[in-house]
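Please keep the sequence and the 3D view open while following the paragraphs below.

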Amino acid sequence: MSSLPLVFSAPKRGKPPTHFADLDEAGRIAAAADLGLPKFRANQLAKQYYGRLNADAAEMTDLPAGIRDDVGAALFPPLMTPVRHISCDEGTTRKTLWRLHDGTLLESVLMRYPDRNTLCISSQAGCGMACPFCATGQGGLDRNLSTAEIVDQVRAAARALRDGEVGEPGRLSNVVFMGMGEPLANYKRVVDAVRKITSPEPNGLGISARSVTVSTVGLAPAIRKLADEGIPVTLAVSLHTPDDELRDTLVPVNNRWSVQEVLDAARYYADTTGRRVSIEYALIKNVNDQPWRADLLGKKLRAALGSMVHVNLIPLNPTPGSQWDASPKDVEREFVRRVREQGVSCTVRDTRGQEIAAACGQLAAEEG
Ligand code: SAH
């Protein structure tokens, strides 16, 4: 993996300050000790952060007032400041633009459904994968997010939901790594964050691993490594076409790991975790929506994954300056029919957040 400057390019901007959510249990105890605090205080802080969703030491009223300032300065430095919230879909979708400590901007999107509440989070500021149809891909990679910057997007959304800031009070049930960035190119921090999102309180936010989806362009070795972590998250692979020729341009990292290598890795993931893999396919008019591609997609997926696969078709969201468009509905319907004909389950993803530039592939924090 050392020959991958594209995937593992060095962050450009400043390293975020270490935060409570970067630490594991031993680290929390050590950090408390550094402040002259006994072990039970570390546990109290974990209950505050992961249980009460509180990241402001001044509000931690079970701590002696005299130590709150020190605890705040050492363990809860401000990581992200909301620049603005924008809602649409009758208030059921809310995008938040965050400014990080070094001025870096990032976005997350909360979507409410009758049966679940899903947060779409970012794993990197910008993205180095350069997929030509994706807004984030056009700006390149700013930097990797730290573990705490990933976890805190989830904490903040869970708190906003709990407090009724986004409709009726509710509970955050699902998290998808489908915002900005390529999660598996920020592997260590993303896996660390996933553990903290899924561990039960007081070590984490207690969201079921099955309700967490990690979406990737298809970094095959990293998919295999993720399979071996023993966290049964849902894997989504952004395939977008079943043939290498077109995929080399739609998902440039395909030049490094081909469709077959990606599907073999996905198979390993399904075998190891017992989890069905999702295949993401942005349907682009006259580019990847031909009937023969639907047939080939169905055949390849059936051969590689059997029944352990589900195809999510995403109507393309045109991004500024792009010459591409979504496929007409009749073409989309025929595509679904043909994929299903091969024995592969296939549905069309609903598109939330379109009018606030929060739909799939539209996240690109362009303003200051
Ligand atoms: N880097 C990861 C996760 C980020 S994007 C990945 O590629 O999987 C989440 C999904 O949105 C991916 O499937 C991505 O290909 C898709 N997407 C990106 N731009 C899009 C657009 N303009 N229209 C529809 N889907 C898009």
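**A walk through the predicted model**

With a relative accessible area of 17%, N174 is buried, because buried means under 20% relative accessible area. N174 is found in strand β7, which covers residues 174–177. Leaving aside its neighbours within four places in sequence, N174 is in contact with R116, N117, T118, L119 and S211. A294, by contrast, is 120 residues away from N174 along the chain, and the C-alpha atoms of these two residues are separated by 29 Å.

The domain assignment of the protein chain gives domain 1 (20–76) and domain 2 (80–356). The contact between them takes 17 residues from domain 1 and 16 residues from domain 2. As for the distance between the two parts, the C-alpha centres of domain 1 and domain 2 lie 33 Å apart.

Of the 30 residues that line the second largest pocket, M80, P82, W98, R155 and A156 are the closest to its centre. Two or more residues of the lining come from each of the elements β1 (80–88), β2 (93–100), β3 (105–112) and α5 (147–162). Which element gives the most to the lining of the second largest pocket? That element is α5, with 7 residues. Sorted by class, the lining of the second largest pocket has 15 nonpolar residues, 7 polar residues and 8 charged residues. Domain 1 (20–76) and domain 2 (80–356) each supply at least three residues to the lining of this pocket.

We turn next to a charged side chain in a helix. K196 has its place in helix α6, and this lysine counts as buried because its relative accessibility is 6%, where buried means under 20%. The side chain of K196 reaches the backbone oxygen of A21 at 3.3 Å. Not counting residues up to four places away in sequence, K196 touches A21, D22, L23, D24, Y50, T147, V151, N203, G204 and L205.

The loop that lies between α6 (187–198) and β8 (212–216) contains P202. The peptide bond from E201 to P202 is cis, with omega near 10°.

Another helix, α7, spans residues 220–227 and contains A222. A222 is buried, with a relative accessible area of 4%. Not counting residues up to four places away in sequence, A222 touches L184 and Y187. The C-alpha atoms of A222 and A265 are separated by 8.8 Å, although these two residues are 43 residues apart along the chain.

Phi of A130 is near 60°, a positive value in a residue other than glycine, and A130 is found in the loop between β5 (124–126) and α4 (135–139). Phi of H240 is near 70°, again a positive value in a residue other than glycine, and H240 lies in the loop between β9 (234–238) and α8 (244–250). Are A130 and H240 buried or partly exposed? A130 counts as partly exposed, at 36% relative accessibility, whereas H240 is buried, with a relative accessible area of 6%.

The last stop is R349, which lies in the segment after β12 (345–348). R349 counts as buried because its relative accessibility is 18%, and the cut-off for buried is under 20%. Which residues does R349 touch, not counting residues up to four places away in sequence? They are M178, E280, N312, L313, I314, P315 and C360.

Technical notes: Residues are numbered from 1 along each chain as its sequence is written. This is a predicted model: local features need pLDDT of at least 70, side-chain atom pairs count only at pLDDT 80 or more; totals for chains, interfaces and linings use all residues. Side-chain values use heavy atoms; hydrogens and water are left out. Helices (H or I, at least four residues) and strands (E, at least two) are DSSP runs, numbered from the N terminus. Buried means under 20% relative accessible area, exposed over 50%, partly exposed in between (1.4 Å probe, protein chains only). Contact means heavy atoms within 4.5 Å. On a 1 Å grid over the protein atoms alone, a cavity is a set of points where a 1.4 Å probe fits but cannot get out, and a pocket is an open set with protein on both sides within 12 Å along at least five of seven lines; lining residues have an atom within 4 Å of a point. Ala, Val, Leu, Ile, Met, Phe, Trp, Tyr, Cys and Pro count as nonpolar, Asp, Glu, Lys and Arg as charged, and the others, Gly among them, as polar. Domain bounds come from an automatic or database domain assignment. A polar contact is a pair of N or O atoms within 3.5 Å; within protein, one must be able to donate a hydrogen and the other to accept it, and residues adjacent in sequence count only if both atoms are side-chain atoms.
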